[in-house]
Amino acid sequence: MNQRGRDDHEHSSNKAQHSSGVTTNHTMESNIAHFLRGEAEKIHFTPALRARILQEIPSPRSQQRTRLTYIVLASATAFILVLSGLTYLWRQPEIQTTGIYYVQHKEITVAPQLANGGQLLSLDPTEQRIVYQPANQAGVLYMADLINPVQSNALAMRYARDMAWAPDGSALVATVLPPMTAQPLLALVPNGQYMHLLGQNTALAADWSPTHSDQIMFARQQKGQTQLWSTNTSGAVVTLQLTMHESLLIHHMNWSPNGQYLALIASQNKTVTRATLDQPGRVIYIMDIQTHKLNQLMAPGNFQVGNVSWSPDGHALTFEQINPNQKTILQTVTINKPGEISSITPKQHLDGWTWSPDGHALVYSDGGRLSAYVFHGSPIIFPQTQARYVSPFWLKNGQILCMNVTGDKGVLTLLTPQKK
Amino acid sequence: MVTRFLAGDEYAFTQIVDQYGSLLLRTAYLLVRDEETARDIVQDSFILAWKNMRKLRERVYLRAWLLKIVVNQATSFKRQLARRTALFKEQLVQYTTDLSTEVTDVHKDSIEDTLDMAQAINTLPFNQRTVLVLFYYHKMTMPEISETLGVAENTLRKRLQSAHEKLRRVLHAHSTQTPVSTQQADRQDAPMTLNRGEVQ
């Protein structure tokens, strides 16, 4: 008889009516329970199984060891990270010490016209004089000696459009556009004096000759052609030097230091009127003085051309590219390889820039903070202060002259390099 | 002992293994019906208990907690087995078909001779068998089973009821094929209510 059969016999009278009214069958329940007990007794918890289980249990010591191992590994990792960080931080100053540090050396009080929001525009080649424009007075330029800028401060010209220093720093040549004149006129500003016109010569732009230090060269537009003329400081004799068949409305001209190239910044409109004279420069031409060939350095784009400067070796030209959103980018183009362009995009806004005398770097003011774009050589580090340094000029002795503006007041400041 | 176990006392754990080892092994065996698998399940369960001792909320529930671990281990074993079976099923289908006639003939005699409670319980789904084991073997109440398995009491009652009905059907079917008394047939057909009044 099988299990069910046996149990059925043992509990043959188990059918009953529960007090709740539900019929119960205790026999079935008994059978199940009895069967399960019987089945369970077929298997035994043997000492071998017990030993197997206890053997597999990781001891607290091994757990502690594992935990300890994790802690040690984590600590070692953290230690390595901290050590790497410290090494990095330790090496940073070491790297910086190989560079050139600039420290603020001297402050020079200036005349109120410059101190109260004036803009430092130019430093003469002998590094003795400055030219600046007072705030909100376009075309008005003052000149001052660096030794005594307050006492020597003098009005130099009005209606100025463009200017250039004589190589010996003795005078400025300029083009001015006084009211009631149709075309700009050539003017001269000897040191400490107010400007005077040079023989009623009309001139779109002017610069000093690269080969004759007392000779002035200026550009005119006549009969649909662009002409280059020369004159002396008296303006009495004018000589036509060369004619370009292109009709250009030139705003600025600038000889390369070696005299090989002439950079011409022109507007796209070619007709000379008072209205077109106010338009910004948009095209840069480079004329090779040997071949008289005129080339566009940059195709006109949706930007204006601001200040322009040759690199000290005369192989590259740097210019401000003023975009429609008024963001200015500094572009440096190699003349023989116009595709080689170095771009500097200030994070804030450009507040002046200058080439180093040896041509290894460009220093620019990015919203008052000086930065250096080093083409080759040691890095350059400027003081990290709250001061706003604008309009930098790199001197031949390595110092940097700039305006230090605090609030609305500015003073001339000399920064001195210190090699560490 | 439990306190010392919770503190990581190895000796206390040994005592727990001695105290509950047999009970857990038999529970596992009733669930999976295979001795070696039951041993593996108990071993794994004790290891899990040791590693997760901090999860034991109340000391008084140690037995229920250990049972829960065993049931969970048995459940996962059954699932693995089901997956493996499904995998092999397709590969074996041709072979099974070829032998089907022969097997059926052999089986026929076997069923008639050996159909008993064991086979009837074997026909139950795993979740019904689990309730059956905890209820009848461990004499646990429905709230205790509910707490152990994390399943609602009503669901458990339905499972138990279904288990009973299926057992009755299987046993009755067998009884009609074998000579049994009228009295036995009456008992098997009678509606059932379970002990301890949990299922109404």
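This note goes through ring pairs, nonpolar cores and one serine in a predicted model.

1. Basis. The model is predicted: local features need pLDDT of at least 70, side-chain atom pairs count only at pLDDT 80 or more, and totals for chains, interfaces and linings use all residues. Residues are numbered from 1 along each chain as written, chains are lettered from A and ligands numbered from 1 in the order written, and side-chain values use heavy atoms, without hydrogens or water.

2. Ring pairs. Over all chains, the search finds 9 aromatic pairs. One of them joins Tyr373(A) and Phe375(A), edge-to-face, at 4.9 Å centre to centre with 70° between the planes. Rings of Phe, Tyr and Trp (its six-membered ring) pair if their centres lie within 6.5 Å; planes under 30 degrees apart are stacked, over 60 edge-to-face, the rest tilted. Tyr373(A) is partly exposed at 28% relative accessible area. Phe375(A) is partly exposed too, at 29%. (Buried means under 20%, exposed over 50%, partly exposed in between, with a 1.4 Å probe and protein chains only.)

3. A pair in chain B. Phe13(B) and Trp50(B) form a tilted pair, 4.9 Å centre to centre and 55° between the planes. The pair links distant parts of the chain: Phe13(B) is in helix α2 (residues 10-32), Trp50(B) in helix α3 (residues 35-51), 37 residues apart. Helices (H or I, at least four residues) and strands (E, at least two) are DSSP runs, numbered from the N terminus. Phe13(B) is buried at 1% relative accessibility. Trp50(B) is buried, also at 1%.

4. Cores. The largest nonpolar core has 65 residues. Leu36(A), Phe5(B), Phe46(B), Leu132(B) and Leu167(B) have the most contacts inside it. Such a core is a set of buried Ala, Val, Leu, Ile, Met, Phe, Trp, Tyr and Cys residues joined through side-chain atoms within 4.5 Å. Its largest share, 12 residues, comes from α2(B). Beyond four places in sequence, Phe5(B) touches residues including Phe13(B), Trp50(B) and Trp65(B). Contact means heavy atoms within 4.5 Å. Another core, of 22 residues, lies apart; Ala219(A) and Ile250(A) are among them.

5. Ser267(A). This residue is in strand β17 (residues 261-267) of chain A. Ser267(A) is buried, at 5% relative accessible area. Its side chain reaches the backbone oxygen of Asn269(A) at 3.1 Å. Polar contacts are N or O pairs within 3.5 Å; within protein, one atom must be able to donate a hydrogen and the other to accept it, and sequence-adjacent residues count only if both atoms are side-chain atoms. Beyond four places in sequence, contacts of Ser267(A) include Leu249(A), His251(A) and Arg282(A).
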